[in-house]
Amino acid sequence: MPEDRLLERLEKLEGIVEATVQVLPPLVQDLSRRIDGLREEVRGVEARLEARIQQVEAKLESRIQQVETKLDERVQQVKTELEDHIQRTETKLESQIRQVKGELEARILQAEAKLEERAQALEGKLEGLRQEVKAEINTAFNKAMLLFTAIGAVLALLTLFR
């Protein structure tokens with residue numbers, strides 16, 4: 001009697017195993033296709049993020065060059081104004097020339113300090129953008145890793161039930 005039950009259970013188990021063996025290959029193929037699709041999607045995201053990083057860097061570089069050009073023009077303009085002013089004031093007393101010269105040097109130092117502050121601010125903004133992009137890449141990578149872990153778990157379960 002127990003042997004009949006065992007045989008009956010064994011036959012049921014064999015039927016289940018055969019059904020599982022028939023169902024598993026399409027599921028594994030579908031899962032493989034999904035994994036390939038996700039890999040392509042991750043590659044696409046990486047490519048878009050890299051392109052965005054390059055685009056942001058190019059924009060920042062262009063903006064920095066524009067600012068430098070404007071500042072160079074302004075410095076040149078200030079220099080021209082200084083030269084004109086010096087020529088007009090040459091006829092005045094030597095003490096007035098020294099006073100004007102000191103004031104102009106202070107203005108140049110202030111302009112240079114402002115230039116340095118602006119350059120540091122731009123560098124800070126660039127670093128912030130880089131950090132944001134890194135965070136987006138890390139988030140995408142973490143999502144991909146979670147997905148791959150889930151796929152691994154499903155594959156492990158499928159292997160366990162084989």
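How many salt bridges does the count come to? Six, and keep in mind that this is a predicted model. As background, side chains of opposite charge can pair when their charged atoms come close.

Start with Glu-8 and Lys-12. Their side chains meet in a salt bridge, with N to O at 4.0 Å. The cut-off is within 4 Å. Both residues sit in helix 1, which covers residues 2-89, and they are four residues apart, about one turn of the helix. On accessibility, Glu-8 has 46% and counts as partly exposed, because exposed requires over 50%. Lys-12 has 54%, so it counts as exposed.

Next, Asp-30 and Arg-33. The closest N and O atoms of this salt bridge are 3.7 Å apart. The two residues are three apart in helix 1, so about one helical turn separates them. Asp-30 is partly exposed at 27% relative accessible area, and Arg-33 is exposed at 53%. This pair also belongs to a network of salt bridges that links Asp-30, Arg-33 and Arg-34.

The last pair I will show is Glu-57 with Arg-130. Their side chains form a salt bridge at 3.7 Å, N to O.

Note on methods: Residues are numbered from 1 along each chain as its sequence is written. This is a predicted model: local features need pLDDT of at least 70, side-chain atom pairs count only at pLDDT 80 or more; totals for chains, interfaces and linings use all residues. Side-chain values use heavy atoms; hydrogens and water are left out. Buried means under 20% relative accessible area, exposed over 50%, partly exposed in between (1.4 Å probe, protein chains only).
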